[in-house]
Amino acid sequence: MLRWIDVLTFAKYGNPEPPRRVEKTEAEWAAELPPARFRVLRQHATEPPYRNAYCRSYEPGEYQCAGCGTPLFDSTTKYHAISGWPSFTQPAARGAIQYHFDESHNMQRVEVRCNVCGGHLGHVFPDGPAPAGLRYCINSESLVRVGEDEIPS
Ligand SMILES: [Zn+2]
């Protein structure tokens, strides 16, 4: 289980090894991704609160990166954070996510990106529920949920 000290350690000293790497030019991403996904994943945009696909959705399944298909979060870690964006307590795997200090907008935050393709996902905060205390606040546009019966085994 990851805790805030792990998040800070990754952001300060280096991120976990990804399971694989996907590297494309921004022109390739722009050609491949729908505009709303491109703005979030590649240009670090934030989608509107509440008016997004997964904010209030609690169907079972696996949330994959909309850029590269890497499993990022599981529905069993999703919870209602009253933030307006889908929120999770833990990543699907330690190596799935990378962490970066983000001082934009006059705030001190930790940005989270897909560790395979580098796509912007959202931020993680230390005000989540026990026991880990983490809140991954994620843009729906960066995710694709795959239902339990659709996940290839
Ligand atoms: Zn990705």
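Start by selecting residues 26-148, the range UniProt lists as "domain: MsrB" in an unreviewed entry. UniProt positions follow the numbering used here, feature names are shortened, and annotations may be inferred rather than shown by experiment. Residues are numbered from 1 along each chain as its sequence is written. The model is predicted: local features need pLDDT of at least 70, side-chain atom pairs count only at pLDDT 80 or more, and totals for chains, interfaces and linings use all residues.

Keep that range selected. Residues 26-148 are 13% helix and 33% strand. Helices (H or I, at least four residues) and strands (E, at least two) are DSSP runs, numbered from the N terminus.

**The whole chain**

Now show everything. The protein chain has three helices and nine strands. From the N terminus on, the order is α-α-α-β-β-β-β-β-β-β-β-β. The C-alpha atoms fill a box of roughly 40 × 35 × 30 Å, taken along the principal axes. A compact globule of 153 residues would have a radius of gyration near 15 Å, and the 14 Å of the protein chain agrees with that. This radius is taken over C-alpha atoms, and the globule rule is 2.2 Å times the number of residues to the power 0.38.

Colour by burial next. A residue is buried if 20 or more other C-beta atoms lie within 10 Å of its own, exposed if 12 or fewer, and partly exposed in between; C-beta atoms are placed from the backbone. Buried residues make up 34% of the 153 residues.

Two strands pair if DSSP finds at least two bridges between them.

Four of its five residues are buried, so strand 1 is largely enclosed by the rest of the structure. Five bridges pair strand 1 with strand 9 (residues 143-147) in the antiparallel sense. Click Tyr63: its bridge partner in strand 9 is Arg145. On to strand 2, which three bridges join to strand 1. Here Glu62 stands opposite Asp74. The hairpin of strand 1 and strand 2 has five residues between the strands, and Gly69 in that hairpin takes a positive phi near 80 degrees.

Strand 5 runs antiparallel to strand 6, joined by six bridges. Find Phe101, opposite Val110 in strand 6. Two residues are in contact if their C-beta atoms, placed from the backbone, lie within 7 Å.

**The core**

Which residues have the most contacts inside the largest nonpolar core? Select Leu72, Tyr136 and Ile138. This core has 28 residues. A nonpolar core is a set of buried Ala, Val, Leu, Ile, Met, Phe, Trp, Tyr and Cys residues joined through C-beta atoms within 7 Å. Among the elements supplying at least two residues each are helix 1 (4-13), helix 3 (35-43) and strand 8 (135-138). Zoom in on Tyr136: its contacts include Phe73, Phe88, Val112 and Val124, leaving out residues up to four places away in sequence.

Move to helix 3. Arg37, Phe38, Val40 and Leu41 are buried there. Helix 2 (26-32) and strand 7 are among what covers the buried residues of helix 3. Just after helix 3, His44 takes a positive phi of about 60 degrees.

Last stop: Ser140, in the loop between strand 8 and strand 9. Is Ser140 buried or exposed? Ser140 counts as buried, with 23 C-beta neighbours inside 10 Å. Its C-alpha atom is separated by 8.9 Å from that of Arg37, 103 residues apart along the chain. Beyond four places in sequence, Ser140 touches Glu47, Asn52, Ala53, Tyr54, Cys55 and Pro86.
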